[in-house]
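I opened a notebook page for this structure.

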Amino acid sequence: MKKILFYLCLLSLAAGCKKEAENKDVGANTVQSNSEDYEFVGGYPTEATIKKAYDDADLTRAIQAYKFFYPTVSGEAMFKGNEPVGVIANKTFGTLDTKPGQVGFTLNSDTPYGPIPINLSKGPVIIDIPKGPLIVVAMDVNQRWVADMGIPGPDAGNGGKHLLLPPDYKEAVPASGFHVWKSSAYNLIVGIRSLPVGGDVKAAMERIKTVKVYPLNKSVDWKDPTWLELSNKPQNTTPLDWENNIKYWENLNDVIQREPAYDGYRDYYGELAVLGIEKGKPFNPDARLKAILEKAAKIANAQMRVQSFADRRPDRVVWKDRQWEWVALRFEDGDFNTPNYVDLDGRETWFYQAIGASPSMFRRKEGGGSLYWLGLKDNTGKYVDGGKTYKLTIPTPVPAKLFWSLTIYDAYTRSQVNTDQNKAALRSLFELKDKIGGKSVDLYFGPKAPQGKEGQWIKTIPGRGWFAYFRIYGPQTAAFNGSWKPEDFQEVN
């Protein structure tokens, strides 16, 4: 009897070993723990797995490419938004006292603008800046910083000639007489901001037109550019109409085909090539790829909106006892570089809200640049609501060597809130000039002005969120060391 039981045990053990071996063999051929996993038979993917893997990979690539190239598409929108109002590269420039009707990411009305689109495909161009209170920055279509001129530049407001070189320029460069800068694209925008000294906007507008633009080597048919007054012309220089559809990728393709490749973007061009966007080749996505690209645009845009308005980074906080955040999360240079990497998260957050980047815009120290803070929550930590009324108390004097302002933006468009008030800013040089003599000044935001406070109020729109940029021009030490800080928005009846 004992022998029988022994042999039965051996047979049972053998059967168990065989079953285990069969299970291991199946496991090696098939990976299928649930419906979302990929399936392989004999080590090879099934037809369903092949489709899913490529769809997933293309979607992942497209989401990341969307976010990386957002500054490029936004830069392209500036060029294409200028053309309908007659601003043409190298030919026609503009002067602009910005109003809410000009849709542009976080544009402001603190200083008049002078948009100067430049095309370097025919050779270097000279920007001749006169002495005076001008803040000038050049950036290419990728919104890569090219040059600071005027007050924040090497000429420090004393006047100077700046030579802009195209990316592939190989000829001799003049040995003297110019501040020399090289662009990474043919198309760039030189943005002029003219400081309204004493609140004189007219003089500031005229000063913009004293900037001279001409090629290094003038052709016989060269004509000096003309200037257009754009202040009351509605305009849209944003990619809002392209953000969530195939037009985003079509406009990106336009830039890729037109501009020389920038070596620093080689890896990212490789991502685009998999998605059918490659220099020298037509972009014709089939129905499958088009659907993936449009899905990616919606997902990536939503992710960027979350990054901008629900930032999780601890370094966004300006003061631990306030809701204010830094608009620019990097301040080392104009291209979001850290000592070891490019801060892609900070880059995406900035360009979803704003346009342009330069060292002078981001520096966090006393000097002649500017400082930006973001306000989008009240003192209880809730998002501000366009249907409610809020008070903001600003201690005075504000540590601004030049002037300061607070501008309100629509959360959907990231542009100045547009109401029948036709105003989105409260500025120390204008609306608040006669109201900031005491220890503080109260500012109001809501659908209706508090009685007697019309001059200190910006109208908001019920049902739409808004956010504020607090700007200080020529920030002083107290703006950084915590000895001065604004209060938070507080809801009032």
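I began with secondary structure and counted 10 helices and 23 strands in the protein. I noted that the model is predicted.

Next I looked up the extent. The C-alpha trace spans about 115 × 65 × 40 Å along the principal axes of the protein.

I then checked burial. The protein has 493 residues, and 48% of them count as buried. For the accessible surface I wrote down about 23,300 Å². Carbon and sulfur atoms account for 53% of that surface.

For contacts, I took the pairs of residues at least 6 apart in sequence. Of these contacts, 73% join residues at least 24 apart.

I turned to charge. I found 63 positive side chains and 58 negative ones. How far apart do the centres of the two sets lie? The separation is 3 Å.

Last, I followed strand β17, which covers residues 389-395. Which strands does β17 pair with in my notes? I have two entries, β23 and β20.

Strand β23 takes in residues 490-492 and runs antiparallel to β17, with three bridges joining them. In this pairing, threonine 389 has valine 492 of β23 as its bridge partner.

Strand β20 takes in residues 440-446. Six bridges join β20 to β17, and this pair also runs antiparallel. Here I recorded threonine 393, whose bridge partner in β20 is aspartate 442.

Key:
Residues are numbered from 1 along each chain as its sequence is written. This is a predicted model: local features need pLDDT of at least 70, side-chain atom pairs count only at pLDDT 80 or more; totals for chains, interfaces and linings use all residues. Side-chain values use heavy atoms; hydrogens and water are left out. Helices (H or I, at least four residues) and strands (E, at least two) are DSSP runs, numbered from the N terminus. Buried means under 20% relative accessible area, exposed over 50%, partly exposed in between (1.4 Å probe, protein chains only). Contact means heavy atoms within 4.5 Å. Accessible areas come from the Shrake-Rupley method with a 1.4 Å probe; for residues, only the protein chains shown count as cover. Lys and Arg count as positive and Asp and Glu as negative; His and the chain ends are not counted. The place of a charge is taken as NZ of Lys, CZ of Arg, CG of Asp or CD of Glu. Two strands pair if DSSP finds at least two bridges between them.
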